[in-house]
Structures are given as structure tokens and as C-alpha cells.
Amino acid sequence: MIQEIATTDIDISQLIDTLSVGAIILNRRLEIILWNSWMVQYSKIEKSQALGKVITDLFPELQTKRFSWKINAVFKLGHFSFFSQEHYKYLFYFPIKRAIQSGAEEMQQNCIVSPLKNKDRVVEFVSISVYDVTDQVDYQQQLIKAKKYMSC
Amino acid sequence: MHNEERLELLQEMINIGFGRSSAAIAELLDVFITMRVPKICEFNLSGVGDYLVKQIGLSDKISLVRQMFRGDFLGETILVFPEQMCSQMSNIVLKMDKDSSSESKVMQEEVLIEISNIIIGACLGKIAELLNTTLSYNIPQVILKSCPIDHLSEQKIGNDNHILVINNTMSIEDKSVSLYLFIIINEESLSWLYQTLDRSLKSLSF
């Protein structure tokens with residue numbers, strides 16, 4: 001019989017650190033208990049500096065009513081919440097430097113806040129996944145420009 | 001089991017979800033909200049337009065928010081907001097927007113999305129939880145903003161799809177407004193849903 005990975009002694013964080021997505025886990029006090037390599041790479045904040053810190057202390061720009069509202073909603077309702085690029089552009093300010101610069105100078109992000117439930121189905125933690133959608137947004141804008149140009 | 005019984009069971013599940021959510025929504029949005037027992041019915045594609053026109057009236061405008069979900073059953077949800085609902089949003093927006101510099105138009109969209117996200121969570125999230133499965137969701141999107149109701153027919157929906165329509169009347173600060181949630185799923189997902197409902201009903205009966 002195949003042994004499920006969770007029951008082996010393989011450290012799952014190896015997988016989490018190879019993802020090309022930002023992964024963060026927060027407890028109810030908004031303290032960071034997981035901060036993957038992707039987040040280290042773009043935020044320039046080491047794991048040792050991030051773990052145990054309150055996320056809004058580390059990123060004061062997140063001290064908004066909307067951020068706490070959404071995180072609160074996930075803890076309370078046990079349902080997902082979203083920060084879409086369309087409305088927020090980004091949640092974490094990560095400047096990007098690319099060889100061919102077009103469009104935004106900050107990484108454009110879609111972020112999903114998900115509930116993490118314990119065995120009693122109580123939301124004990126929330127995770128934030130950060131997706132880099134800068135290229136997508138670039139292409140979309142180029143498309144809009146081309147459409148405008150064609151209709152002229 | 002008859003379809004009516006299954007829909008009744010779904011309605012009951014959603015009602016449990018709403019019971020838990022309405023107090024939380026009220027607290028989160030800082031407004032007084034109550035939700036009535038939702039009504040649920042199954043439609044084929046052609047019947048939906050007529051149903052909406054009958055319920056809302058042809059003259060009214062609507063906004064649509066779409067969100068995809070996937071798991072043991074998958075599909076998409078479309079929440080239909082009548083214009084009346086959108087105008088009520090402005091109060092809520094003002095309360096939420098104290099620390100934000102973004103345009104109020106963007107904020108209004110954001111609140112539509114937030115409300116639909118909560119309602120979808122209360123409906124689908126609760127159904128999934130009671131059926132012992134989990135769903136994940138894509139970012140919700142406003143696909144139509146204050147458009148005449150006949151624009152709905154321009155939205156393409158695949159032919160093999162079934163539509164569960166959940167009519168939810170909620171009162172926001174004394175004014176009641178009806179929202180319509182479409183759960184669009186294909187044959188395969190619907191039969192999975194119905195089979196699982198049958199099983200769970202069997203396990204409930206003594």
C-alpha cells in the first residue's frame with residue numbers, strides 16, 4: 001500500500017519552498033508561522049526575520065481596515081477571500097526589474113486567503129497565496145492597446 | 001429519491017449556512033442584515049432568462065459576479081444583483097472605505113464581490129462541508145455592471161449544463177432585496193451531487 005506523504009518523515013516544506021507562488025500562514029494573532037522561499041526571494045525578508053512577527057508590523061501598509069476585515073472574515077466564516085489584481089494591483093510591494101521593462105514597475109498580484117481548519121473543523125490558521133500576474137496584466141494591456149489601434 | 005426531495009435537502013443545507021453567516025456578515029459589514037429561507041429550483045438553460053425577467057422585471061438593470069469552483073463537483077456560480085441592491089451598497093462602501101483612497105466605483109465592485117463571495121461560501125461552502133468534501137475557488141469577477149437584463153442572454157453558457165437557481169431575499173437596514181445565485185454545473189457534477197445527497201439522506205433516515 002502507498003504511504004501518504006503526510007505520514008512519512010519527509011519534510012513537506014521542501015515542496016512549499018520550490019513553489020513559484022508566495023505562501024504564508026498566519027495564526028489568529030496574525031503572526032507569521034510559515035514564510036516560503038518565494039516570499040524570501042521577493043521581499044528580501046529572511047525566514048528567521050519573518051517567523052513569529054505580526055504581518056502588519058512587518059508590512060505597515062497592510063494596516064488597513066480592508067486587510068483586517070478580509071482576514072477576519074476568513075477566520076469567522078471559514079470561507080476564502082481574495083485580493084484581486086484588478087482592484088488592488090498588489091498586496092505586497094515588490095519592485096521588479098526586468099530586462100525589457102513594459103507596464104508596471106511593481107509585481108502585479110492576485111492573492112487568495114484560505115482557511116486552514118483543525119481536526120474539529122475550526123479555522124485555526126489562514127494561508128495567503130500570492131500569485132505573480134505581472135506578465136498576464138502586460139499582455140492584457142498590450143491587447144487593449146492593439147484593439148484601440150485597430151479601431152482607429 | 002425525487003428531485004424535489006434533493007432540492008429540499010440542498011435548501012436545508014444552504015439555510016444552515018445562511019444561519020451562521022448572516023450574523024457574521026452583519027458584524028463584518030457593520031449593517032443590520034437578515035436572510036430569509038432561500039428558495040432553490042433547477043432549470044435548463046432556456047428557462048432561466050424568463051424566470052429572471054418574471055422575478056426582477058424587464059426594466060430593471062442587473063450586475064453579475066462570476067466565480068468558478070472546483071473539487072468533487074465543479075462548475076461556476078453567477079450571482080445576479082438587481083440595481084436596487086447596488087445602490088444600497090453605497091452606504092456600506094462609505095463605512096468600509098474610510099482608510100482607502102481608491103475610487104468609489106472600484107470600491108463598489110469590491111463590495112459586490114465581497115458579498116457574493118460570502119453568499120457563495122454560505123451556499124457552496126456549507127453544501128461541501130456537509131457532504132464531507134472541499135472546494136477551491138477562483139477569484140470572483142464582475143462580468144456585467146448595471147446592464148439591462150436582456151444582456152444576460154449574451155453570456156454564453158454551455159448546453160449540457162444544468163442550473164440551480166437559489167433565490168435569496170435579504171434585508172439590509174429594513175429594505176429587502178432579492179439576489180439570485182446561479183450554480184451552473186454539468187451533467188457529471190450534478191449526478192455526483194445528487195448521488196452524494198442520496199447517500200447522506202439514507203444515512204440520516206432511521
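## Reading patches and burial

Tutor: Start with charge on the surface: E4(B), E5(B), E8(B) and E12(B) gather there in a patch of negative charge. Keep in mind that this is a predicted model.

Student: Where in chain B is E8(B) placed?

Tutor: E8(B) belongs to helix 1 of chain B, which covers residues 3-29.

Student: Is E8(B) buried or exposed?

Tutor: The general idea is a cut-off: a residue is exposed when its relative accessible area is over 50%. E8(B) has 55% relative accessibility, so it counts as exposed.

Student: Which residues form a nonpolar patch on the surface?

Tutor: On chain A, the nonpolar patch consists of I5(A), I10(A), I12(A), L15(A) and L19(A). Together these residues have about 420 Å² of accessible area. Of these, I10(A) lies in the segment before helix 1 (13-18) of chain A.

Student: How should I class I10(A), given its relative accessibility?

Tutor: Between the limits of 20% for buried and 50% for exposed, a residue is called partly exposed. I10(A) is at 48%, and therefore counts as partly exposed.

Student: What about T56(A): buried or exposed?

Tutor: The limit to apply is under 20% relative accessible area for buried. T56(A) has 13%, so it is buried. T56(A) sits in helix 4 of chain A, residues 55-58.

Student: Which residues does T56(A) touch, leaving out those up to four places away in sequence?

Tutor: With those neighbours left out, T56(A) touches L62(A), Q63(A) and F67(A).

Student: How many residues of chain A count as buried, as a percentage?

Tutor: The figure is 41% of the 152 residues of chain A.

Student: What pattern do the helices and strands of chain A follow along the sequence?

Tutor: Chain A has 7 helices and 5 strands. Their order along the sequence is α-β-β-α-α-α-α-β-α-β-β-α. The C-alpha atoms of the chain fill a box of roughly 60 × 40 × 30 Å along the principal axes.

How values were computed. Residues numbered from 1 in each chain as written. Chains lettered and ligands numbered in written order. Predicted model: local features only at pLDDT ≥ 70, side-chain atom pairs only at ≥ 80, totals over all residues. Heavy atoms only, no water. Helix = DSSP H or I, 4+ residues; strand = E, 2+ residues; numbered from the N terminus. Buried < 20%, exposed > 50% of the residue type's maximum accessible area, 1.4 Å probe, protein only. Patch = residues over 30% accessible without salt bridge, like charges linked within 9 Å, V, L, I, M, F, W, Y side chains within 5 Å. Areas by Shrake-Rupley, 256 points an atom, 1.4 Å probe, with all protein chains shown as cover. Salt bridge = Lys/Arg side-chain N within 4 Å of Asp/Glu carboxyl O. Lys, Arg positive; Asp, Glu negative; His and termini not counted. Charge placed at Lys NZ, Arg CZ, Asp CG, Glu CD. Contact = heavy atoms within 4.5 Å.
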